[in-house]
Amino acid sequence: MIGVFLDRDGTIGGDGGGVHPFKFTLYNFSAEAIKLLNDNGIKVYLFTNQSWIGKGKFSERTFLEGTNKMIEGLKEKNAVLDGIYYCPHTPEENCECRKPQPTLLQQAQKEHNLDLTKCYIVGDRWSDMASAANVGSKRILVKTGRGLKSLQEQSNRQIAIDHVADNVLDAVKWILADLNR
């Protein structure tokens with residue numbers, strides 16, 4: 001089974017940096033992108049690093065409450081996420097679940113019987129692209145959030161990108177076309 005993993009901050013909303021869960025807002029086109037995947041029978045997962053939890057800026061409970069608020073907003077637009085995967089640790093903790101480590105993706109793989117080599121990862125940072133590379137998924141970098149800055153840093157990175165998209169909706173349209181090739 002295939003799926004699409006979407007980063008949160010900078011990809012489906014926010015500004016590409018840590019955003020308090022109750023201040024997080026989706027980009028106008030994000031619900032449409034998720035619904036388009038849903039309508040085509042493709043599972044959609046959110047995967048995100050949330051180091052602000054580890055830094056004590058907000059609690060894990062607050063993150064989950066804010067995420068549930070976002071999920072309800074998506075449902076009002078007939079868009080559904082099939083799973084949420086997040087790392088609550090700071091980079092300094094060197095945990096196994098923080099992107100670019102593959103643990104979040106592998107957890108989803110086990111829970112949803114996914115073939116990660118047939119999945120797509122959409123994000124605005126090199127850590128998203130590295131996560132995808134670590135499991136053999138296709139990599140789509142969006143220009144929203146920190147995406148443009150990430151592209152400027154490309155000369156310093158050795159990770160191939162399958163597609164550069166203007167935003168998550170553009171990324172989803174590319175994914176659907178890629179699946180039909």
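Guide: Helices (H or I, at least four residues) and strands (E, at least two) are DSSP runs, numbered from the N terminus. The model is a predicted one, in which local features need pLDDT of at least 70 and side-chain atom pairs count only at pLDDT 80 or more, while totals for chains, interfaces and linings use all residues. Residues are numbered from 1 along each chain as its sequence is written, and side-chain values use heavy atoms, with hydrogens and water left out.

Visitor: What pattern does the protein chain follow along the sequence?
Guide: The protein chain reads β-α-β-α-α-β-α-β-α-β-α-β-α. That pattern holds 7 helices and 6 strands.

Visitor: How compact is the protein chain?
Guide: Its radius of gyration (taken over C-alpha atoms) is 15 Å. Along its principal axes, the C-alpha trace spans about 45 × 40 × 30 Å.

Visitor: What share of the residues is buried?
Guide: Of the 181 residues, 50% count as buried. Buried means under 20% relative accessible area, exposed means over 50%, and partly exposed lies in between (1.4 Å probe, protein chains only).

Visitor: Let us turn to charge. How many positive and negative side chains are there?
Guide: There are 23 positive and 22 negative side chains. Lys and Arg count as positive and Asp and Glu as negative, while His and the chain ends are not counted.

Visitor: Why would such side chains pair?
Guide: Side chains of opposite charge can pair when their charged atoms come close. The structure holds 10 salt bridges, a salt bridge being a side-chain nitrogen of Lys or Arg within 4 Å of a carboxyl oxygen of Asp or Glu.

Visitor: Which residue forms a salt bridge with Lys35?
Guide: The partner is Asp39, and the closest N and O atoms are 2.8 Å apart. Both lie in helix α1 (residues 30–39), and because they are 4 residues apart, about one helical turn separates them. Lys35 is partly exposed at 27% relative accessibility, whereas Asp39 is exposed at 53%.

Visitor: What about Glu65, which residue does it pair with?
Guide: Glu65 forms a salt bridge with Arg61, with the closest N and O atoms 3.0 Å apart. These two are 4 residues apart in helix α3 (residues 60–76), so about one helical turn lies between them. Glu65 is partly exposed at 34%, and Arg61 is exposed at 64%.

Visitor: Now to helix α5. Is it enclosed or open, and why?
Guide: Helix α5 (residues 126–135) is largely enclosed by the rest of the structure because 7 of its 10 residues are buried. Those buried residues include Trp126, Asp128 and Met129.

Visitor: Which elements do the buried residues of α5 pack against?
Guide: They pack against β2 (43–49), α4 (103–112), β4 (120–123), β5 (138–142) and α6 (147–152).

Visitor: What comes just after α5?
Guide: Just after α5 there is Gly136, which takes a positive phi of about 80 degrees.

Technical notes. Rg over C-alpha atoms; globule rule 2.2 N^0.38 Å. Charge placed at Lys NZ, Arg CZ, Asp CG, Glu CD. Contact = heavy atoms within 4.5 Å.
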